[in-house]
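Colleague: I would like to go through this structure with you and ask what the words used for it rest on. Please give the cut-off each time a new term comes up.

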Amino acid sequence: MIRLAPYLFAAFFLVLWEIAVRVSGVPEYLVPGPVAIVGAFRADPLLFLTSLASTLGVTATAIVVSAVLGVVLALVMQASPLARAAFQPWTVVLQVTPIVAIAPLVIVWVGDPFASVVICATIIAFFPVFSATAAGLAAAPADLLDLFRLNGAGRWATLRLLRLPVALPYFLAGLRISGGLALVGAVSAEIVAGSGGVASGLAYRILEAGYRLQVARMFAALALLSASGVAINAALGALAHALLRRRGEA
Amino acid sequence: MLTLDRLGRRFANGTQALQGASLRIGQGDFVALLGPSGCGKSTLLRLIAGLDAPDQGRLVWDGGAAPAPGEIGFVFQDATLLPWADAADNVFLPLRLRGRDRRSAAPEIQAALARVGLERFAQARPRELSGGMRMRVSIARALVTRPRLLLMDEPFAALDEFTRFRLQEDLLTLWRELGCTVVFVTHSTYEACFLARRIVLMTPRPGRIATEIDSSLSHGPETRLAPAYTALVAEVTHAMQAAMSSPPPPGPGDAPR
């Protein structure tokens, strides 16, 4: 029953929403009901799905790039106190700077729309996976580090056999947060970029529908974004579960 | 095997953990370092292991050279096992760090697990084992390299009394079988008296060696109830009371009165 609870709640909410819209007689261009939103999607599914693929492509690329960059930078900072002192404040600066303030600059400098949007999404997604991995690399128990020293282990052996395995659950938790943020970053950058064309993302569909007062289309694009966010979170959660279960920790 | 010559250790925060600690540890000894919490027992153990360096004094190993990696086994207060590895892989770890491959090390791993009575649990992960079994794996891991010196830092302190008693007896059996030297840190007078051939009493901080008491207790099923054991506990308790009340010697920075 508890597993079904979110689906039951969603069904109850949608039915209530449809009834409220029909009973109140509020116009569709202000608040469309779920039936009208599904109708807007079914009117042009290919366009929506192409836009969804574009946004997901940016998001997936940003997740991979932020994961690689986050792990590499965390390893460099773990290995070198000098690098830690040099980089740490700047990673925080990157985290607290609003992406909408950076996005226009990135778009102007980079030029290529896909690369620009990926960079913006990566800037947003980078920090959680980086900070979680850095925390994980530093979380190796002191007694085990002593045991490795006693047995003559070098830095590479300690990293490979102790620090990286200890950091894995931290990395996976950070990656799960970064996954959602990559989608947020992709949508934010797409809105700033405002690039047109068939291959443009869902954010552009929202903007376009807003200009035309096609609120049902806006909601349809929003629903796809929400579903994507849930799917990304679930996929990264499943990845974490599978990897940790192999180690007997899930 | 080893001589500690007036060892001192002051930490970065100014705490003088150890002061003028001198001790001779012979080959095959079973020495218990006994004292209250914070008296520098674990610091002394870390200095012997080479995990920390003394500020004053020196350690002199018989033969001149400090032991090579793997010649010192260390058992910590917690079992500190790799949670993602099974018991056999945890025991294999010191051999792996010395470049051995898993297949050639299999007989040694199996023998180490058998020594602590866990041969049937080689594939069990730490979370599937009880606290006592985890500590047995930790002891097997420390013994798998056949160390000359086994250092144990309150290894049974977190265990229940039944498990602790059994592990103490098993440790004595292992010590007799293997013939290695054991330095065992504890704050339990009963444990020190039961296990050690020599009980080294330490004073409260800054830790100094107050006195050493030799034990000739013979072990059997009734040892814990034997009058000789009770008398030894009483002797050590009185010595510890005297050590606790002895004033610390003047430090190098103390002005004469």
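Colleague: In which helix of chain B does W175(B) lie?

Modeller: W175(B) lies in helix 5, residues 161–178, of chain B. This is a predicted model, in which local features need pLDDT of at least 70 and side-chain atom pairs count only at pLDDT 80 or more, while totals for chains, interfaces and linings use all residues. Residues are numbered from 1 along each chain as its sequence is written, and chains are lettered from A and ligands numbered from 1 in the order in which they are written.

Colleague: What makes a stretch a helix or a strand?

Modeller: Both are DSSP runs, numbered from the N terminus: a helix is H or I over at least four residues, a strand is E over at least two.

Colleague: Why does W175(B) count as partly exposed?

Modeller: A residue is buried if 20 or more other C-beta atoms, placed from the backbone, lie within 10 Å of its own, exposed if 12 or fewer, and partly exposed in between. W175(B) has 19 C-beta neighbours inside 10 Å, so it counts as partly exposed.

Colleague: Which residues is W175(B) in contact with, leaving aside its neighbours within four places in sequence?

Modeller: They are F30(B), C180(B) and V182(B). Contact means that the C-beta atoms of two residues, placed from the backbone, lie within 7 Å. A separate value is the C-alpha separation of W175(B) and G28(B), which is 8.4 Å for residues 147 apart along the chain.

Colleague: Why is A216(A) called buried?

Modeller: A216(A) has 21 other C-beta atoms within 10 Å, so it is buried. Its place is in helix 10, residues 215–246, of chain A. Not counting residues up to four places away in sequence, A216(A) touches E28(A), P32(A), A36(A), I37(A), G39(A) and A40(A). A216(A) and V38(A) are 178 residues apart in sequence, with 8.2 Å from C-alpha to C-alpha.

Colleague: Which residues other than glycine have a positive phi?

Modeller: T80(B) is one of them, with phi near 45°, and R146(B) is another, with phi near 50°. T80(B) lies in the loop between strand 5 (72–75) and helix 2 of chain B, and R146(B) in the loop between helix 4 (131–143) and strand 6 (149–153).

Colleague: Are T80(B) and R146(B) buried or partly exposed?

Modeller: T80(B) has 21 C-beta neighbours inside 10 Å, so it counts as buried. R146(B) has 13, so it counts as partly exposed.

Colleague: What makes a set of residues a nonpolar core?

Modeller: The set must consist of buried Ala, Val, Leu, Ile, Met, Phe, Trp, Tyr and Cys residues joined through C-beta atoms within 7 Å. The largest such core has 76 residues, and those with the most contacts inside it are A32(B), V91(B), A140(B), L151(B), F184(B) and V200(B). Helix 2 (residues 87–97) of chain B gives the largest share, seven residues.

Colleague: Why is this core said to lie between domain 1 and domain 2 of chain B?

Modeller: Domain 1 (2–67 + 148–245) and domain 2 (83–147) both give residues to it, so it lies between them. The domain bounds come from an automatic or database domain assignment. The C-alpha centres of the two domains lie 25 Å apart. Their contact takes 13 residues from domain 1 and eight residues from domain 2.

Colleague: How many residues of chain A are in contact with chain B?

Modeller: There are 16 residues of chain A in contact with 16 residues of chain B. Helix 7 of chain A gives the most to its side, with seven residues.
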